[in-house]
Amino acid sequence: MIDVSGLKFRYPGSDADVVKGIDFSVSRGEIFGFLGPSGAGKSTTQKILIKILSGYGGSIKVEGNELSSLDSGYFEKIGVAFEFPNLYSKFTAVENLNFFSSLYSAKCTDPQKLLEMLGLEKDGGTFVSAYSKGMKMRLNFLRAIMHNPEILFLDEPTSGLDPANARKMKDIIKMKKGEGKTIFLTTHDMHTAEELCDRVAFIVDGSISLIDSPRNLKIKKGKKAVKVEYVEENILKSDSFPLDDINENKRFQDILKTGSVETIHTMESTLEDIFIETTGRRLL
Amino acid sequence: MRAISLLKHDIIFQFRHRFYYAYFFILAVYYSIITNVSGVAKDFLTIFILFSDTTVLGFFFVGGLILLERDQNTLQSIFVTPVKVGEYLFSKTVSLTVLSYIASVFIALVAYGFPDQFLLFSAGAILSSTFFIFTGIAIAVRSKTVNKYFFNAIVFTMIFFVPIVDFVGIFKSRLFVVFPTYATVTLFSVLIRELTFFEKTASLISLLLWNCGMFFVAKKWFYRFEILKNGKN
Ligand SMILES: Nc1ncnc2c1ncn2[C@@H]1O[C@H](COP(=O)(O)OP(=O)(O)O)[C@@H](O)[C@H]1O
Ligand SMILES: [Mg+2]
């Protein structure tokens with residue numbers, strides 16, 4: 001669906017590339033995630049893909065056609081939720097949705113139905129200026145999906161949401177995937193990436209260091225360990241040991257023999273652990 | 001269909017941001033001025049007011065619209081829909097031109113009754129209004145802050161006001177013909193005197209050309225400086 005190769009981008013007036021030659025492709029019906037710390041170039045890449053930044057180097061093909069050659073018909077097919085909400089503040093939620101609906105030739109979902117999807121059904125008549133940040137983010141998301149687009153671009157979709165609404169939004173994203181939609185999302189939250197993405201790209205400083213499914217990453221790169229808490233000389237201590245050769249680990253056996261073990265847990269590396277190990281950077 | 005939606009939205013937007021109240025107030029001031037003077041002063045003031053009406057609408061209102069939208073960050077969301085830059089600018093222009101035209105007709109009616117050369121007067125009012133709106137758009141997209149915008153708009157207003165010098169008679173020169181505002185003042189003068197055939201055609205052609213040129217610049221700059229620069233956020 002989307003094939004990117006050698007993509008480079010530099011903001012006008014700046015003297016360094018913020019996207020430094022990246023390659024990736026997103027298949028139809030896939031949720032593809034950009035995982036990386038803030039400032040990595042995630043939003044920039046998204047903005048290039050939705051054509052509000054121009055003058056990129058390299059190639060971007062959407063269904064085989066170069067992005068820069070696509071006309072405004074492209075916008076009928078994509079839905080975009082930006083990182084920061086951008087709605088008309090002196091218009092109500094329903095007015096905003098109706099207005100944006102009228103700009104598409106496709107038939108759009110009824111505003112009231114949309115609002116119900118994210119618990120905003122009672123706030124449809126409220127001016128957006130009176131909305132909280134989280135409510136604006138929800139409305140922003142609904143605006144992105146209302147015309148039932150083939151490709152969704154979601155920039156940090158769950159940021160600033162309470163857990164219950166983040167849950168609902170993730171379920172909608174999964175539902176969209178179920179309908180065969182292609183989804184490109186950016187996030188610095190490993191839980192979101194892990195739960196939603198079929199594949200993630202680790203991006204730091206404008207470069208991608210690897211692309212794989214969260215599951216594969218955990219199998220290939222993850223380490224399993226056993227964490228033991230025990231009492232020694234009246235002090236609670238803890239230690240952890242690799243799971244692989246635990247049966248031959250002398251120290252582990254010794255602790256077991258003392259009979260002073262309080263707890264034993266197995267621990268898996270999180271996606272963030274793997275991210276840190278691969279890129280040497282934290283996801284902040 | 002999309003054009004109608006945009007237009008409707010723009011009108012509600014302007015109404016809710018109290019543009020019409022502001023404009024109503026300005027009109028009331030004009031009205032009280034015109035109805036309280038007579039003779040040459042009235043002729044002068046009427047032309048001057050008609051002229052400033054179109055510029056105020058063009059420079060300050062369209063600039064205000066764009067700066068408000070920039071502030072609410074809505075331009076990004078508009079331009080990831082199928083809306084084209086031309087359609088967006090067209091809607092802004094039509095909504096403000098209608099306002100400006102109604103005001104111009106009102107001012108003319110108050111001052112002199114129904115204009116004899118109504119078509120010519122209308123052409124002058126409408127073409128002047130659209131020209132200043134395009135110019136206002138071009139200035140707005142090149143101004144990073146509200147203050148810079150006001151500064152730039154005032155500078156341009158002053159430049160375009162130069163032909164007034166000719167109108168008042170302080171300094172006459174054929175060179176003023178190059179100013180779009182010379183054509184504006186000439187066409188508005190149809191209210192107070194007969195225009196020659198040359199004056200009519202030259203003014204109309206001048207305004208038409210300025211409109212085409214400025215629309216081209218406004219559209220190009222709007223895309224380059226307002227949409228593509230929106231990577232800011
Ligand atoms: N309009 C802009 N002009 C210049 N530099 C920018 C602009 N927007 C973002 N940047 C820079 O580009 C880099 C990538 O930013 P961004 O794509 O927003 O990162 P992310 O979304 O991963 O947090 C950052 O260093 C940021 O400071
Ligand atoms: Mg970002």
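A residue is termed buried when its relative accessible area is under 20%, exposed when over 50% and partly exposed in between (1.4 Å probe, protein chains only). The views show a predicted model, in which local features need pLDDT of at least 70, side-chain atom pairs count only at pLDDT 80 or more, and totals for chains, interfaces and linings use all residues. Residues are numbered from 1 along each chain as its sequence is written, chains are lettered from A and ligands numbered from 1 in the order in which they are written, and side-chain values use heavy atoms, with hydrogens and water left out.

View 1. Helices (H or I, at least four residues) and strands (E, at least two) are DSSP runs, numbered from the N terminus. With 2% relative accessibility, Thr184(B) counts as buried. Leaving aside residues up to four places away in sequence, Thr184(B) touches Phe51(B), Ser128(B) and Leu207(B) (contact means heavy atoms within 4.5 Å).

**View 2. Protein donors of the magnesium ion (ligand 2).** Ser43(A) belongs to helix H1 (residues 42–49) of chain A and Glu83(A) to the loop between strand S6 (78–81) and helix H3 (93–101) of chain A, so the pair ties together parts that are 40 residues apart in sequence. Ser43(A) counts as buried at 17% relative accessibility, whereas Glu83(A), at 23%, counts as partly exposed.

Key. Donors are N, O and S atoms within 2.8 Å of the metal (3.2 Å for Na, K and Ca); water is not among the atoms, so sites may look incomplete.
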